[in-house]
Amino acid sequence: MIDKRLFDLPGMKKYAAILGILVFIQAIAIIAQARALSIAIVNLWNLQSINTIVGPTIVFTVAFLARHLLTVTENRFLFPFVEKTSGDMREDLMAKIFRLGPAEIDKRGTGNIVTMALEGIDQVQTYLMLVIIKILDMSITPWLILLYVLFLRWEQAIFLFAIFPIIILFMIILGLAAQSKADRQYEGYQRLSNHFVDTLRGLPTLKQLGLSKRYADNVYEVSESYRKETMSTLKIALTSTFALDFFTTLSIAVVAVFLGFDLMDGKVMLLPALTILVLAPEYFLPIRNFANDYHATLNGKNAMSAVLDVLHEPEMTEREVLPDLKWNNDSTLKLNQVSLTYPDTKEPTLKDISIDIKGMKKIGIIGASGSGKSTLINLIGGFLSPDSHDSITINGQTVPHLNQANWQKNFLYIPQNPYLFHATLADNISFYVADATEAAITNAADKAGLTDWIKTLPDGLNTMIGEGARTVSGGQAQRIALARAFLDPNRKVLLFDEPTAHLDIETEASLKKDILPVFNDHLVFFATHRLHWIGEMDYVLVMDHGRLVEQGTPDELAKRNGDYVKLRAEMEAADL
Amino acid sequence: MKNLRKTFANDTWVMPYLRKYKGLLILVLFLGFMTFFSGGALMFNSGYLISEAARQPSSIIYIYVPVVLARAFGIARPVFRYVERLTSHNWVLRIVSDFRKKLYQTVEQKASAIQRSHQTGDILSILADDIEHIENLYLRTVFPMVIGWLLYIFVVIGVGSLNWVVGILMLLLLGIITIVMPLASVATNGVREFKQHQIQHEFYTNLTDEVLGLGDWLISGRYNDFIDLQKKPIKEIAALRKQDHYFQWWRSFFVQFIILLTTLVLLIWSANQFTATKSLANWVAAFALAIFPAVSPFVNMSQGASEWPVYRRSIERVNALDSGTGKTVEQTSLTEPFKELAINDLTFKYSDGERNVVKHISMDIHPGEKVALLGPSGTGKSTFLKLIVGDLTPTDGQVLVNDKNILNLQDVRSSLFGILDQQPYLFDTTVMNNVRLGNVNATDQQVKDAIAAVGLKDLIESLPDKYDTQVQEAGKRFSGGERQRLSLARILLQDAPIIILDEPTVSLDPITEKKLLDKVFELLHDKTIIWVTHHLAGIAHVDQVRFMENGEFDMQGTPQELYKSQARFRQLYDLDRGRV
């Protein structure tokens, strides 16, 4: 329920101390309110005139208002702190996302990250607002009331004091029983509740198989069995709240009955007895509030833990090792026995890769799926870090990984589906060059073969594209990425990761005509399945199960009759 | 109020179920009422008990009844509450089962068998969330509100029967917190909720955009732009949340203020009403103590009401689904085996589109023929397929199977067409169950034979659970190629005469692609095949190739003929083979 890291938040101790004082005053107001009300009632009970209750009623009114005004004050006092803490957390999270990079996002899922930054932080805010005040309330108010009751009549105070640990004990015992039963059923639950979305997503398939009508009953039956299982768990899960309810309510009844007997025997006067009876519910109120908000706080706690986990995620440091770099004909990039193991796997995904590259070259990377082509491209792009930190050198400078600010200024990355931002076409093309002129953008778009398409757009280069705006076909998305390369003459390294895999053959053929010119005067890494690109390469890397099994010029490799020849033969279809 | 009526005007999701499970609903409301009643009665009784006891009556008999009642109410309250919570959850879960079936049936009517992506899956998740919202509508808004009103009526009538002037005062004072303030909350919150939804939407879209394009942001080094982009919505959200919080705090304070006034009214009233005799004066404490527990359910009514705008959005969304169910067409069946698929002058335009997507296409396909369909994306290939299987109704022309219109054969469609698409869906169950979907009457042995035929026998039998292996969510236990093979096994069991291949290899690497295509054409050699493909790998398997451009066929013939006679085809083919 309470994350220990809660108290490490900056400024928390100071706020907690001041809030503690406010809660203390509030507890005194509660006692005053009960006392004044009791006095008024006892006066009436004694058949005294209505004038005698004016004083106590005024005290009651003031205490009552003070109590509830203090609630507002506590919240308003705490809110700026919570707002700042959660706001800072949100900004830290955004900054962290930027530093972690796409590989980490892939691992966690885009949806997860976005939900965390949006709803997750909101939940943290609610959690902080609730939990701090509730904890203070629970640790101050009941004890002050108890102290007052002790002063009025020690027998009732002892009873109230003794019942408290019993309540907590029962809540824990029943809570644990419910928890273990819930845990056992949780997996089954998850499956059942996912079943519905699963069925909806598979609807086209059910329709293809002619089963879609019949499945409606299945949906109902699964849902009903889910209901029955849920109910049997709920029966136990709710007992914990029942225990709290039962003991607190019954305690009040018991207090009333015992006070009744004591009054009959004349052991106590009505005023203290009534005051105790009025205070008894107030004594249990903080713990009941705490338990009622249990679920809200639990979500908030989990959200906060998730956010803090991301914020404490290790990130690649030493991003500035590489001095200023401008890739040219004399530049060198050396990979020496590079291996790469993903954090949650045992086997390395890349094993002992050694490459020696100088100047401008066109390097093809081929291999079956899962051979490590994309991982290699991601390593070169600096999205992934190699296992050892001395295996990569650029221009003789050893770097721990390629997530180097100065290296990133030198390349462009063009994946299978280049991402298009929700922005104008011009903004998308000039994403990497902030100060590009319109003429330069038009020129780059033309070189990338976009001119004809732009003419068909309502606002030309100023047309909005991307999510929620005009859809762009896969071929045109590639051309937009290509235009980025034409626009930025400073980025001399191009990383292609299967840019044409999803395109139909005609689109690919026409795109190829426009891609080839950009290869000149660039260092190109080109991972592909499509054989016709190999002819355009100076040098080929053949990957197999994470190893670099062959490298050389296409001609050399063709003569060698090794893995390259074998791979080509497997990929080629039978002749017509 | 007008909004409320508009929301429920054509409602088929909320009201009908309130009626259907009327009995349970009344039980829930009764139990909820009794919970708060017992809470109030306990304090009322206790107040009387000690007041009476303080008179030191001669015998215990005088306080015997209150003593028993104190214990009874003390036990009744938690028991009622426990049973109420169980019953209300049971009630809601019952409704959820109905909802799910209904949502499924609604979506089922509109689903198409030809589908290019699972993007719609996200929309479906939203709908699934909407159902959960309606669940909460009952638990968090409807039940507490109705129970609150019942209690309100009870208090007003109870006090009013003793003194009608005070009764009217109660009616007015408590009316403020049970009726006026919830309505005011809905109004204020409706506006704020709308604004918040917009800002959150903007933040959500921006953020998704940023996260999906993170690679580009990172390489571009534009850290400051990246952070700045979110500053505005973050600030706006913060401002809105602040307003929301302040509103809630002051509203709670105001509710408490009204409760204070109520208490004072009752106190002054009892001072006048009950101070005639000693035994009457015992009631003073009873009324004064009962007031706080009795009004406790009123405190949260405004909050429950203010959540209404969220629920309304969900209710309107699911209700919108129902509108426009298509007209039914008379269904018939085929008596003889498949002889001919005739496509006559087929033309189609989407109702919201400007131009024809499919233009006057005619072709005949006979048993055993294999046709490949090529063309860039957006030329109408998938629309064409939807027309063939009858998911869409042509604007002009028709599709005939053995001279019967396909639109009249929808009930027997699965005995005519087998479909293998880009991402065939595997359900989150066992391999055996998934493949058996092809023919639910197939024996275990037939399923195993089909799996063996597609070449997965060794793989499946090497797994610890063999054929009972769970394929996991969307079949992710298996690779893309393996998923395609499992679907192919399903199609083998289905044993339909016409097979539609809708780019089944688009996400596979060339080696896997080649193996899959060889397998498909080997196993389905006696079937009629219509194959939409985006490149020319495996084209030698078919006896007819058609290129589609802007909704029309422009190049057609056998692959061999086309290679000889058409320079364009030759160039593409050589490119695909890596010869250029």
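Predicted model: local features only at pLDDT ≥ 70, side-chain atom pairs only at ≥ 80, totals over all residues.
In chain A, strand β3 (residues 362-366) and strand β11 (residues 539-544) pair in the parallel sense over 4 bridges, and along this pairing A:Ile363 stands opposite A:Tyr539 in β11(A).

Another positive phi in chain A is found just after helix α11(A), where A:Gly382 has a value of about 80°. Helix α11 of chain A, which covers residues 373-380, is itself mostly covered, with 7 of its 8 residues buried. The buried residues include A:Leu376, A:Ile377, A:Leu379 and A:Ile380, but A:Lys373, A:Thr375 and A:Asn378 are buried in this helix as well.

The contact between the two chains takes 117 residues from chain A and 120 residues from chain B. On the side of chain A that touches chain B, the largest share, 16 residues, comes from helix α2 (residues 54-100) of chain A. By residue class, this side of chain A divides into 68 nonpolar, 33 polar and 16 charged residues.

One pair of helices from the two chains can be followed in detail. The axes of helix α9 (residues 270-292) of chain A and helix α3 (residues 22-54) of chain B come within 10 Å and cross at roughly 165°; because angles over 145 degrees count as roughly antiparallel, α9(A) and α3(B) are therefore roughly antiparallel to each other. The crossing of α9(A) past α3(B) is right-handed. From α9(A), the residues A:Leu270, A:Ala273, A:Leu274 and A:Leu277 meet B:Ser46, B:Ile50 and B:Ala54 in α3(B), and the residues of this contact divide into 6 nonpolar, 1 polar and no charged.

Turning to the sheets of chain B, one is an open sheet of 4 strands in the order β2-β1-β4-β5, with antiparallel pairing. Strands β2 (358-365) and β5 (404-405) of chain B stand at its edges, and because each has a single partner strand, one side of each is left without a neighbour in the sheet. Inside this order, strand β1 (residues 341-348) and strand β4 (residues 396-401) of chain B run antiparallel and are joined by 5 bridges, with B:Leu341 bridged to B:Val401 in β4(B). Helix α12 (residues 381-389) of chain B packs on this sheet, where it touches β1, β2 and β4 of chain B, and the direction of α12(B) makes about 55° with that of β2(B).

A further open sheet of chain B has 6 strands in the order β6-β7-β8-β3-β9-β10, and its pairing is mixed. Its edge strands are β6 (417-420) and β10 (552-557) of chain B, each of which pairs on one side only, while the twist averages 20° from one strand to the next. Strand β6(B) pairs with strand β7 (residues 498-502) of chain B in the parallel sense over 4 bridges, and B:Gly418 stands opposite B:Ile499 in β7(B). Helix α12(B) packs on this sheet too, touching β3 (370-374), β6, β7, β8 (528-532) and β9 (544-549) of chain B, and its direction makes about 155° with that of β7(B).

How values were computed. Residues numbered from 1 in each chain as written. Chains lettered and ligands numbered in written order. Contact = placed C-beta atoms within 7 Å. Nonpolar A, V, L, I, M, F, W, Y, C, P; charged D, E, K, R; others polar. Buried ≥ 20, exposed ≤ 12 C-beta atoms within 10 Å, placed from the backbone. Pairing = 2+ DSSP bridges. Axes fitted to C-alpha atoms, helices over the stretch in contact; angles between N-to-C directions. Parallel < 35°, antiparallel > 145°, perpendicular 65-115°, else oblique. Left-handed = near helix turned anticlockwise from the far one by under 90°.
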